[in-house]
Protein chains: 2
Amino acid sequence: MKNAGCAGFEAAGIAAGIKKNGKKDLGILVSGVPATVAAVFTRNRVQAAPVLLDRERIKSGRCRAIVVNSGCANCCTGEQGMADAKAMAEFVAAELGINEDLVLVASTGVIGESLPMENIEAALPELVSTLTPQGIPELAEAIMTTDTVPKVVSRSGHLGGKSFTITGVAKGSGMIRPDMATMLCFVATDADIAANMLQRALAAGVDRSLNRITIDGDTSTNDMVILMAGGMSSVKIGDDSRMETFQQILDEVLIALARALVKDGEGVTKLVEIKINGAASDKDARQIADTVAHSNLLKTAFFGEDANWGRIIAAAGRAGVPMEVDRTDIFFNDVQMAKNGIGCGKIAEAGAGAVMKKDEFCIEMDLKMGIGSASVLTCDFSIDYVKINADYRS
Amino acid sequence: MKNAGCAGFEAAGIAAGIKKNGKKDLGILVSGVPATVAAVFTRNRVQAAPVLLDRERIKSGRCRAIVVNSGCANCCTGEQGMADAKAMAEFVAAELGINEDLVLVASTGVIGESLPMENIEAALPELVSTLTPQGIPELAEAIMTTDTVPKVVSRSGHLGGKSFTITGVAKGSGMIRPDMATMLCFVATDADIAANMLQRALAAGVDRSLNRITIDGDTSTNDMVILMAGGMSSVKIGDDSRMETFQQILDEVLIALARALVKDGEGVTKLVEIKINGAASDKDARQIADTVAHSNLLKTAFFGEDANWGRIIAAAGRAGVPMEVDRTDIFFNDVQMAKNGIGCGKIAEAGAGAVMKKDEFCIEMDLKMGIGSASVLTCDFSIDYVKINADYRS
């Protein structure tokens, strides 16, 4: 990951004393040139100050820098919270000598506590002075909360004999820490692309990646994904065929980050794909996939390596969309566990038991009602999840 | 509980060898006279054979007996499952010398396995021969799965100088074992009441009790609540004022059973009421209450006795109904933790911490948007929940 850079971008991450444990907690990503920008924000009705600020600033389609802290969500902090978010941007703008409206802000951590602005103000000059093209892994480290590893993904695409790069960082631990602002994701590209096309690509990419993972179904007050395009590669993404290539590379980056988030979810020991086929519509399939993926009963069975297909069919049955149990087939990888709603017996059970011992596997349901399909990534629900979340603030 | 009977009813419970551990697993409730009957069934799209059978039989509004087994849900068992459910009723009808259409059937246990009909058939004569007016606690024991205590509640009401009794049994362990058919509840009364009024009373009562509890949000393929009225008390429930008294006693029984289910939920150490006031409508309030009550993050915080109000507000924010964070107040019992979306500081935190050490407490939110309100009962989410559910079938 040492070479995970992106032409035209610099980044940094330092410890500013926001986290009590002395780890890195303040990061920055800067484009050397005015960049176009796209963003996707949490849909939670409770939104942290930086989310509210960025929603406004993103409208210009332009951005130069993102400054982000971990250890404090700056959420439920009232007017002071908004003033603090603006002040963070203002300090950064002053240090960089740019317009403060071109600086976005992100925070992650405990809800309901104010940012320690003295620490942040004191640390910002050092943060800016340590900016380097090799700094993206430092940024990835600075946004970690309960993540156990920093997450950086970089991919390159080729168009007209030239190459472009998309590099992203993300933090979780998946959806399992929504009150720690769960998911932040910052992506930089040296492709040259207009803001409206960038937004379209990001929305489509997120829908295929970060919106298809779940750890515990809670959503955060601070979630955001920001994509900046600086254009330094001189690869212009101007038509549909070039857009297709760009989208493909962007999807690869976002999907890899999404998988990394689930794998590093708190207490996670299993990465499980839930695949629904044969639903009446894609929407129905998605609803069943989400319901199955969120079932605590099923997730605890994953942890226990118990091929309890009854929990799968019972979860699907409460998804609120049409299904007929006596048509439904269930597979654990390639082992069929149920045919037309009836179990396939002891040999199948033994085969499925072997599948469940793997770190990654797939649960597939065929409803045989239509051609709708959907897939989501989920994980098991372990004793460590409870331990970590019970003891979180202490 | 030894006197928990109801005039005109007899019950029994024995071990028929359906459960591997040799505990009671076959029960029966019989009315000495033709009784009116009302029922509420699971809304899961996957429904066990006895649910499908009873839905038909209940239409007559008449019933003489309910036969129930634990240890096997008789769900996802195809045509054989329906034949087995019918056969259970037929054996009982023959033993009692009544019409088999007047016998209802219930099952609870693992999904996807067929009933051991030989065991059941062999045990039924003994079951019927042990019927006594004092047998209701035996029935309560025979329907237990992972419950740690049998649940029987009996209350009496007085009308026109005479008294009537309502006695109910239930099994859980709450919603946390939906694939074990979670919740069964059988209620007997010696009041004299028509089937349509009985159904109205049951639907209203369930809505205020068993539909207001949650342990893990999963719903079952086998849930049912059946209420039989034999009329032996000669207390006729014929007009609105008498209906009010009957409803009140019925509500008391159902609410007491509902609380008992949550308290005995797997791994449960805390019983928590979630009360939402000031929502735009009762429906909105209920949606927020349900979302908060199901939040794994919050439930693990309950287990950890952590007064993490940020998780409450974040859960409310994703309920999909209007709320404004900067109007929202949060209380832990009488300790205000947040005012207008901002935390009330260290003293409040200490007070709320003390509240959370109790076995039972109340979380109250005031949204200050309207007059809608709702209340649901939930519980904490403990390490034992994961352990029990991970190891369930092994």
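Helices H2(A) and H3(A) are roughly parallel to each other, because their crossing angle falls under the limit of 35 degrees. In this predicted model, helix H2 spans residues 78-96 of chain A and helix H3 spans residues 117-129 of chain A. Their axes come within 10 Å and cross at roughly 25 degrees, and the crossing is right-handed. On the H2(A) side, the contact involves Asp84(A), Ala87(A), Met88(A), Phe91(A), Val92(A), Glu95(A) and Leu96(A). These residues meet Met117(A), Ile120(A), Glu121(A), Leu124(A), Pro125(A) and Val128(A) of H3(A). By class, the contact of H2(A) with H3(A) consists of ten nonpolar, no polar and three charged residues.

The crossing of H5(A) and H6(A) is right-handed. H5(A) contributes Met197(A), Ala201(A), Ala204(A), Gly205(A) and Val206(A) to the contact, while H6(A) contributes Met243(A), Phe246(A), Gln247(A), Leu250(A), Asp251(A) and Leu254(A). Eight nonpolar, two polar and one charged residue make up the contact of H5(A) with H6(A).

Chain A is divided into two parts, domain 1 (9-263) and domain 2 (271-390). The centres of domain 1 and domain 2 of chain A, taken over C-alpha atoms, are separated by 33 Å. Contact between the domains involves eleven residues of domain 1 of chain A and ten residues of domain 2 of chain A. The side of domain 1 of chain A that touches domain 2 of chain A has five nonpolar, three polar and three charged residues.

Terms used:
Residues are numbered from 1 along each chain as its sequence is written. Chains are lettered from A and ligands numbered from 1 in the order in which they are written. This is a predicted model: local features need pLDDT of at least 70, side-chain atom pairs count only at pLDDT 80 or more; totals for chains, interfaces and linings use all residues. Domain bounds come from an automatic or database domain assignment. Two residues are in contact if their C-beta atoms, placed from the backbone, lie within 7 Å. Ala, Val, Leu, Ile, Met, Phe, Trp, Tyr, Cys and Pro count as nonpolar, Asp, Glu, Lys and Arg as charged, and the others, Gly among them, as polar. Axes are lines fitted to C-alpha atoms, for helices over the stretch in contact, and angles run from 0 to 180 degrees between N-to-C directions. Helices (H or I, at least four residues) and strands (E, at least two) are DSSP runs, numbered from the N terminus. Angles under 35 degrees count as roughly parallel, over 145 as roughly antiparallel, 65 to 115 as roughly perpendicular and the rest as oblique. A crossing is left-handed if the near helix is turned anticlockwise from the far one by less than a right angle, and right-handed if clockwise.
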